[in-house]
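Please look over the model below with its strands and helices in mind. The report that goes with it is arranged by topic.

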Amino acid sequence: MKVLLHTCCGPCASACAPRLKAEGHSVKLFFANSNIDTKEEYERRLDSARILANAESAELVPLPYDHEEWLREVAQGYENEPERGERCRRCFRYNLAKTAEAAERLGCDAFTTSLTVSPHKPSQVVFSSSDDKRFLKIDFKKREGFKLSVRRAAELGLYRQSYCGCEFSRARSGR
C-alpha cells in the first residue's frame, strides 16, 4: 500500500517511516507544518526531514509554508488555550486535512501521521481529528517508538526541537 506519512518533524518520523516500510508499505513523507512560528524554524525542520527522506530512500513532499493561513484557520480566537487544548486539536485537524488532500492528489492509498510518536501528543486525540477512511490510526509510541526516534535522530544528526512549533507552545515552554 502507498502511504503518505504526515511528517511533523524528522526526529519523530525517523521511527515511523521504517516501521511502515517494515510492514510492507511504500512511504512518502509529507511535510505540512505551517503551524511553525518562523520561516527559519520551518526550514531547520524541513532540512531534517530531507536528511531522513534521503536515509529512508523516500520521496519528501513539502507543502509550502503559510503561517498566516494557519493563524487564521486554526489559532485565531484560540490563542490563550492551554497546551493539549482546543487549539492543538484544531491544529491536528488542519494538518490531517492537508495530508488527506495530498494523499488524494499524490495517488496514495492511505495516510497517517508521525504526531503519535510523541509522548506530548495524546494518540486518541490525534485519531479523533480525522474521520477520513484512508487514515491509518497507528500509535507510533507503541513498541518503544519514541525511544527509537530519539536514537535514530541522534544517529542521523537531525535537529531536535524543544517545542511543537507554534508561538503559543514556545511562549508557554519559555523557549
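## Basis of the model

This is a predicted model, in which local features need pLDDT of at least 70 and side-chain atom pairs count only at pLDDT 80 or more, while totals for chains, interfaces and linings use all residues. Residues are numbered from 1 along each chain as its sequence is written, and side-chain values use heavy atoms, with hydrogens and water left out.

## The sheet

An open sheet is built from four strands in the order β3-β2-β1-β4, with parallel pairing; strands are DSSP runs of E with at least two residues, numbered from the N terminus, and two of them pair if DSSP finds at least two bridges between them. Because β3 (59-62) and β4 (110-113) stand at the edges with a single partner strand each, one side of each has no neighbour in the sheet.

## Strand β1 and its partners

Strand β1 (residues 2-6) is joined to β4 by four bridges, and H6 lies opposite T113 in β4, as L4 does opposite F111. Towards β2, the parallel pairing of β1 extends over five bridges, with L4 opposite K28. Four of the five residues of β1 are buried, that is, under 20% relative accessible area with a 1.4 Å probe, counting protein chains only.

## Helices on the sheet

Helix α1 (residues 10-22) lies across β1, β2 (26-31) and β4, whereas helix α4 (residues 86-106) packs on the sheet and touches β1, β2, β3 and β4. Helices are DSSP runs of H or I with at least four residues, and contact means heavy atoms within 4.5 Å.

Key:
Axes fitted to C-alpha atoms, helices over the stretch in contact; angles between N-to-C directions. Buried < 20%, exposed > 50% of the residue type's maximum accessible area, 1.4 Å probe, protein only.
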